[in-house]
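Open your viewer and get ready to select a few residues as we go. We will look at one place at a time.

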Amino acid sequence: MSKDVLASIKNKTAVVGVLGLGYVGLPLVRAFTQGGLRSIGFDVDPVKVHKLHAGKSYIKHIPSSYIQDLLKQGLFEATTDFSRLVECDALIICVPTPLTKNRDPDMTYVVATAEAIAKHLRPGQLVVLESTTYPGTTREVVLPALEKSGLKVGKEFLLAYSPEREDPGRVDFDTHTIPKVVGGYDPRSLEAAAALYNHAVTTVVPVSSCEVAEAAKILENCYRCINIAMINEMKIILDRMGIDVWEVIAAAKTKPFGFHAFYPGPGLGGHCIPIDPFYLSWKAKRYDVTARFIELAGELNVAMPYYVIGKVADVLNLKGKAIRGSRILVLGLAYKKDVDDLRESPSIILIEQLKHRGAKVDYNDPFIPTTHKQREHDLGMKSVPLTPANLKKYDLVLISTDHTQYDYDMIVQHAKAVVDSRNATANVKRGRSKITKA
Ligand SMILES: NC(=O)c1ccc[n+]([C@@H]2O[C@H](COP(=O)([O-])OP(=O)(O)OC[C@H]3O[C@@H](n4cnc5c(N)ncnc54)[C@H](O)[C@@H]3O)[C@@H](O)[C@H]2O)c1
């Protein structure tokens, strides 16, 4: 190697390039600059880069002051100019890994980024993939794209995988304090990548290969996906028996060992849990193995919005109304509380399906004033104000996301009927007869 990347990492002269400045990339940049390393953020979206230069954040839980601090510190800049990749000693890929329409892994972003790196790759660089993906991606997809540069891994550049465990909106852990699993293509790659992340996070967890690190992330997400599916199924079973699943969970979790509480909801959302397990089930097929738990969990979770719509239909039916022609207000568009991220949000399916059945649907979300076009969906809607007068106009209010700032007493007081898919109204005392849990 022309330049000893490990030495530059150790003496903090290494420059870190982060490719993809989204929910994962932006906090990562901060973790590195806080660790004293100069960082350059690369993104294909000029609007994001422009906003960053202006000191403005585009992610709700990342305040603009955070970006301004980064700029003041003088250790960060953002660019769309990929020729500047040569200035970096380490390059970290944080780009999306969605599913195609047929629910197969969509590697186009990862491949495009690796190919962009290959055009500028120079001897002595360390490349790390952080995007969540199936075991084998770093070696089978990223490496061949990088070697189009003519440089050889292990000899002229180093390669590693380290999964991101970001949980947007979480306050007890952040990028700095969440332990970071790192797997290297070879021992030198592992040593360099572990040394790099040691500047950014409190605990580095080295593992024996990129594949182990890739599989660890998928295991974590399968664990959540399957347990959420199990509790969603439990909700349906207990509801038929007239038993409140949330009360049952509260009782069960008093067991001090052997039980971890998961909560039901209107379906799975977000960039990770509804998607990542299918990366593994797709890859498993190549080995003549069927990932039955994952497929079953997917089936159960995908059906949840339709279960909630069934509850909405039941409540309207009791009032002598049909979904067709009813006015319905959906509360919360984000996939989980207190974030502004609507990727894969079950609220979108709920709104689309209610409209499809002839309902007149509005939504309120304090964090999403208007909907933007997504790959698969385009609601073209605006958040309506959440006022007593407005609430009264609707035949039914459907709580899809339990944002903390909602005044649930006020909502129940002024709504004609409430379908609550999150148990958000648990502490509401007055008007309980209007509430149906779903
Ligand atoms: N959001 C989360 O909470 C979370 C948590 C853990 C892991 N992940 C994983 O991290 C990865 C990134 O997710 P995210 O939520 O940050 O996505 P995101 O959509 O918020 O950000 C991705 C960014 O990459 C940019 N981009 C796309 N193509 C690019 C390219 N060729 N070169 C440079 N930039 C490019 C986009 O413009 C965008 O700004 C995914 O694999 C995801 O599964 C996400």
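Start at tyrosine 23 and show its backbone: in this predicted model, a backbone N or O atom of tyrosine 23 sits 3.0 Å from an oxygen atom of the ligand.

Next, select aspartate 43 and display the side chain. One of its polar side-chain atoms lies 2.6 Å from a ligand oxygen atom.

Now widen the selection to the ligand's surroundings.

Move on to helix 3, residues 46–53. Its N-terminal end is capped by aspartate 45, with a side-chain oxygen 3.0 Å from the backbone nitrogen of valine 47. Beyond the other end, pick glycine 55, which follows helix 3 and has a positive phi, near 75°.

For the last stop, colour helix 8 (residues 210–240) and helix 10 (residues 276–286). Their axes come within 8 Å and cross at roughly 115°, so helix 8 is roughly perpendicular to helix 10. The crossing of helix 8 past helix 10 is left-handed.

To see the contact itself, show Lys217, Ile218, Asn221, Cys222 and Cys225 on helix 8, together with Asp276, Pro277, Tyr279 and Leu280 on helix 10. Colour this contact by class and you will find six nonpolar, one polar and two charged residues.

Technical notes:
Residues are numbered from 1 along each chain as its sequence is written. This is a predicted model: local features need pLDDT of at least 70, side-chain atom pairs count only at pLDDT 80 or more; totals for chains, interfaces and linings use all residues. Side-chain values use heavy atoms; hydrogens and water are left out. Axes are lines fitted to C-alpha atoms, for helices over the stretch in contact, and angles run from 0 to 180 degrees between N-to-C directions. Helices (H or I, at least four residues) and strands (E, at least two) are DSSP runs, numbered from the N terminus. Angles under 35 degrees count as roughly parallel, over 145 as roughly antiparallel, 65 to 115 as roughly perpendicular and the rest as oblique. A crossing is left-handed if the near helix is turned anticlockwise from the far one by less than a right angle, and right-handed if clockwise. Contact means heavy atoms within 4.5 Å. Ala, Val, Leu, Ile, Met, Phe, Trp, Tyr, Cys and Pro count as nonpolar, Asp, Glu, Lys and Arg as charged, and the others, Gly among them, as polar. A polar contact is a pair of N or O atoms within 3.5 Å; within protein, one must be able to donate a hydrogen and the other to accept it, and residues adjacent in sequence count only if both atoms are side-chain atoms.
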